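Could you walk me through this structure? I'm new to it and would like a plain tour of what stands out.

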Amino acid sequence: MKKILLGLIAVAVIAAGGYFGFDLYAQRRVTRDVEAAFEQVRAAGAKASHGKIAFDTKSRTLTISDIATESGTQSPVSVKIASLTMTGLGQPDAARISAGNVEFSDIEIGVANPTPTIASLSYKAPRITVKDYSGPAGLPQLPASSSILELYRFGLGQLASINASSVSAPNLTGAMTFSAAARAGDGAGGTFDYSGLAIENIKDGKIGSSKTGKMTFTINQQAAGKPVKMTGDLANIVATDIDVGAMAAMFDPAKANDDRDYRVQGHVSAGPYVISVTPDAATAMPGLNMRIDGVAIDDVRINPSRMQLPALLAMIPPPGSPPPSPAQARELLEKISSLYSGAGIGNAEMHGLLIETPKGPLKLSSMRFNFEHGKIGELAVEGLDGNAPNGPFKVGRFALKALDVASLMRLSAQFAGQKPSPEQALALFPMIEGVEVKGVTSPYKATGKPVNIDVFSLDWGQFVGPIPSKLHLIAKMAAPLDAADPQQQALVAAGIDRMAVDADLGAAWTEASRAFALEPVKLDMAGLLKASAKLTLGNVPREAFSTSAAESIGAAAQIEAGVIELTIHDLGVIDLAIAQFARSQNVGRDEARKAILDSIKAQDDAIGGGNPDAAALVTAVSQFIETPGQTLVIRLTPRAKAPVLQLMQLLKTDPQSALAQFKIEASTGL
């Protein structure tokens, strides 16, 4: 029994010695590996140091204190970590390590002169926790440059190299100071604070979701030598389906020839967002208070070959540089247009905008747009309310259709340093395919009466060069009449103090048939008349839409008149015209009507001659004037080919011969 007991004691002693020996071995090996990682950073020209290293084999917990690194660049990037603790440490392979839990405490990151206008930028976080971590075994190589683009590329590259179930930071604070180039005044700068940061499901360069509970900022600068303070508050920042590797491609020159589209983000939303600017009586600068209830963006995509940010920013001259030459400006605008053409947004929306101004609040219900390869499908603004100098105004909806931003920038590049010719300016027309306005109410001068636009919609397209060969206008609006305007005095005198117009006008050219048609043409002037028309032209060549005056005039000689139809329904315009004539002649209305009819009949022979169709037209017009409320219908059909230019000349010199070119049908009816 004694021997057995002594044997057990011997085994325990040996085992304990082996355990502590292994513990010491593991401690030394981990220390050696950590030292090798820091030496790797120093060998690249950077500074890297640390404090105590401790490793617990039972829990596989590594603790490193007082970590400090600094890049060897002229404008250094520094990182300080008071303590790094990795629990459940493992090494799946020689290049990567894993840990069940990683915790950083008291982190500080500083950047000197990241941009020409920022002298310093720093971030601090009391604690960052990472769950289920897997990443590179060595310390990351700090970037060779402290430029903001290089820092973004470095940060995104590091994030793409790690996997984790979650990363959280209860608080993160930052500070920046402006450089003299920013001209913001001595000591100008700002602070920003983030709370409730959480990133989840990081794997293979992609992030499942990112959340920030709140971000606040304060910026202090000077305007006209006086201090100005801006504060902001943005809450509930959420993003999902983030591709970090795709984002990094924008900063990687090696991706300059990658012409594929990458989806970088599925959805992002934030709000409310509040900004305030402190008023300054000394500078007469008004205060500003702005609030946005929320913003949302879906399906963001980029093309790395067109969105190379380093190449673009390298072309931007630093503050204080002389203005760029026209050639440099054109090259820069070309780069910017390429940047636009490399972006795509499925949908972007802002809602609930409120801006407090000295004249009262400006409100906007929503703004939406989508973006594809440099082109906005539709930019729509809805629910705009504000105050004009003469009173409040409202806009129910304003929309631009198919705005080609990239092509607009490229065209602007051609005009850099020179004034465009009229022909060149016409090239701007195809950049927008239409405009729509609905539900507008605006004060008319100082009358206290509103102008109303129920709908105004203008679409154009089917371009022949820069000239559209298809147009469609819909307009329904009403406005008060101005008694001080000589052109409106007759209507006001007749008791009409408001004019309402409802119009629907269309025009289209068909290249295959060389036919041009004005259809529909409808006009409703409330209380006066309703009219509709149709006009067709034949043998219209493509050259008729040329920007060259000589070419278009030459083509116009080939155009032939087609069928012309006109329908007018009198709602009061005849009585109004007779009343105006009666006042001008100082006679009664019946006498004025008779005088007009006599004048028409007196011209019957001169206009109609031996043409019975022309005589029928004069008779129908007389009946239309004689009896209020009539409908006049006129149809002109060419008897043979009738060149338009010749007809226009005949109308000036020989109206009878011009009318003889057409078969005329005219009638009236109630």
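Let's start in strand β23, which covers residues 515-525 and is where Pro520 sits. This is a predicted model, and in it the peptide bond joining Glu519 and Pro520 is cis, with omega at about 0 degrees. Another cis peptide bond turns up between Gly271 and Pro272, where omega is about 5 degrees. Pro272 belongs to a loop, the one between β12 (262-270) and β13 (273-277).

Next, have a look at a couple of backbone angles. Asp132 isn't a glycine, yet its phi is positive, about 50 degrees. You'll find Asp132 in strand β7, residues 118-136. With a relative accessible area of 60%, Asp204 is exposed, because the cut-off for that is over 50%.

Now for the inside. The largest nonpolar core is made up of 55 residues, and Val34, Leu62, Ile64, Met86, Leu89, Val102 and Tyr133 are the ones with the most contacts inside it. What does Tyr133 touch, leaving out residues up to four places away in sequence? Its partners are Met86, Ile97, Ser98, Ala99, Val102, Ile162, Asn163 and Ala164. Apart from this core there is another, with 29 residues, including Val540, Phe545, Ile574 and Leu636.

Key: Residues numbered from 1 in each chain as written. Predicted model: local features only at pLDDT ≥ 70, side-chain atom pairs only at ≥ 80, totals over all residues. Heavy atoms only, no water. Core = buried A, V, L, I, M, F, W, Y, C linked by side-chain atoms within 4.5 Å. Buried < 20%, exposed > 50% of the residue type's maximum accessible area, 1.4 Å probe, protein only. Contact = heavy atoms within 4.5 Å. Helix = DSSP H or I, 4+ residues; strand = E, 2+ residues; numbered from the N terminus.
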